[in-house]
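Q: I am new to this structure. Can you take me through how to read its features, one at a time?

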Amino acid sequence: MVVGGALNMGITEDRMREQQPLHDGLFSWPDAQPELLGSQCNQCGEHAFPAQTSCRSCTGTDTQIVKMGRTGTLWTWTIQSFMPKAPYHTDETPESFQPYGVGYVELENGLRVESRLRENTPEQLTIGMPMQLEIIPVRVDENGIERVTFSFRAQEVN
Amino acid sequence: MDVAIVGVGLHPFGRSPALSGLEQGANAARAAMADAGVDFKAMQFAFGGSQDGGNADSLVNLLGLTGLQFTNIWNGCATGGSSLNAAYSAIKSGQYDVGLVVGFDKHPRGAFNPQPKDWGLDDWYGETGLMLTTQFFAMKIQRYMHDHGISNDTLIRVAEKAFRNGSITPTAWRQAALSWEEIANAPMVSEPLSKYMFCSPAEGGCALVVCRADMAHKFGGKPVILNTAVVRSRHYGSFEVFSPAQAPEMAQSPTVTASSAAFELAGIGPEDVGVAQLQDTEVGAEIMHMAENGFCAHGDQEQWLADGVTEITGRLPVNTDGGCLANGEPVGASGLRQVYEICLQLRGDAGARQVPNAPKVGYTHVYGAPGISGVNILSI
């Protein structure tokens, strides 16, 4: 089971809960090694995330879904220090909210994808650092299913 | 046919708890018409916009049901720029002789909370905490500081200047100058930007009376010529707010394309501008917009701010009324406030904040989500 942990929501007792993506099509699922999914234009070759059926670059309408890997480098970053208002929707409360990192991660295909980051202090974040994908819980929905999304974290040194 | 601005009016930005957004817009419209020495019956058309204050054309209930053409404009933070652009075209085309441009707003307290669906995005983007304009501006200046050697000191200097200018602007929301220490030690909001480095959503209204320049003498006051009013949206590859991804190859921002088009149409260059208003929803925006509008090279801002070039007494005064930082941002009115301030400066009516040496050319720039810029060049 793939479980991240950047959201501090006390999910440890629920490790056996069924998980589903918050939104379909953002990453490969189920997959032991999930990758971001995007689209590639069959006319000009440009990538897009999330996947779309038209191309922002050449205006064409012939695209295909492609896997975009699970690693990249940090292009820029910030830290979200206060709990956002709606439409932000997690299981957090103003009391349990923890600041989270946000950044653009440059993938191997060159596309820069905006993502939550596990690291949430300036000392942990540097432009150019290697990053890797992880899947993190967002909230438990009305059916008791844990909804998950993509995030990045500093690449683990093997 | 040249276009002139013959009346300017403001309902001061900040909080007006007793007044609706529309009432603040009507106050601004009446002030602009009084400045021009005309009444609403003389207005042949109006363009207006508001995000949270109601439909602009409802203003006719307050101003009078005269049957004029009243068109609502909505272009995010660039609404004022787009409204003035529409009025400029209406007069340039010969369709009308005189009309009103008005913007107003009344936002709830706290940060904006845009809805993903309104911007062509799915709910996950907002639900997982990525849809905050504050994050985008923080990430854009973070990368910019990395690429162009801009220091945190320069961020502080921009905020210091804004609140100092606000303290001598009677209509500004923020009337207190802030010390270096107060700005430097304020709570962090979105790294590297702290509390006093962001403007806040606010309330207020602003209006302009525009006419054919050859009729300007019929109105009271000193006319200001609107040389160009240009609005541009983003190209593929520019780094914009509310973007789940960015293309590998960077393109110029819509500010660059709007600015260069405006200079070309006006037949002048950045060196001819004597006073400027640049969108400063946060300090990083003012810094980046100095270069994107062609006034300096990327990275020069570090020296410019240290040397006071953009102070009221400097070579190119920027945001002389304290900008968005000291006035807050009622979205529908904000772009027009910039034009209001430039008109006062060119007319010599700016009081304690008057730029010395009687500038002849002024410049305004507004930027909005999801990647749109409006530039106006004005002269006297």
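This is a predicted model: local features need pLDDT of at least 70, side-chain atom pairs count only at pLDDT 80 or more; totals for chains, interfaces and linings use all residues.

Q: What kind of peptide bond joins A:F49 and A:P50?

A: Most residues other than glycine have a negative phi, and most peptide bonds are trans. The bond between A:F49 and A:P50 is cis, with omega about -10 degrees. A cis bond also joins A:A86 and A:P87, with omega about 15 degrees. A:P87 sits in the loop between β5 (71-80) and β6 (100-107) of chain A.

Q: Where does B:N319 lie, and is B:N319 buried or exposed?

A: A residue is buried if 20 or more other C-beta atoms lie within 10 Å of its own, exposed if 12 or fewer, and partly exposed in between; C-beta atoms are placed from the backbone. B:N319 lies in the loop between α10 (301-307) and α11 (323-327) of chain B. B:N319 counts as buried because it has 26 C-beta neighbours inside 10 Å. Its phi is positive, about 55 degrees, although B:N319 is not a glycine.

Q: And B:A358: buried or exposed?

A: B:A358 has 12 C-beta neighbours inside 10 Å, so it counts as exposed. B:A358 is not a glycine, yet has a positive phi of about 45 degrees. Look for B:A358 in the loop between α12 (331-347) and β11 (361-368) of chain B.

Q: In what order do the three strands of the open sheet in chain A stand?

A: Strands of a sheet pair through backbone hydrogen bonds, either parallel or antiparallel. Here two strands pair if DSSP finds at least two bridges between them. The order is β3-β2-β4 in chain A, with antiparallel pairing. β3 (47-48) and β4 (63-67) of chain A are at the edges, each with a single partner strand, so one side of each has no neighbour in the sheet. β2 (residues 37-41) of chain A pairs with β4(A) over five bridges. There, A:G38 stands opposite A:V66.

Q: How many residues of chain B are in contact with chain A?

A: Two residues are in contact if their C-beta atoms, placed from the backbone, lie within 7 Å. On that basis, 32 residues of chain B are in contact with 36 residues of chain A. The largest share of the chain B side, six residues, comes from α5(B).

How values were computed. Residues are numbered from 1 along each chain as its sequence is written. Chains are lettered from A and ligands numbered from 1 in the order in which they are written. Helices (H or I, at least four residues) and strands (E, at least two) are DSSP runs, numbered from the N terminus.
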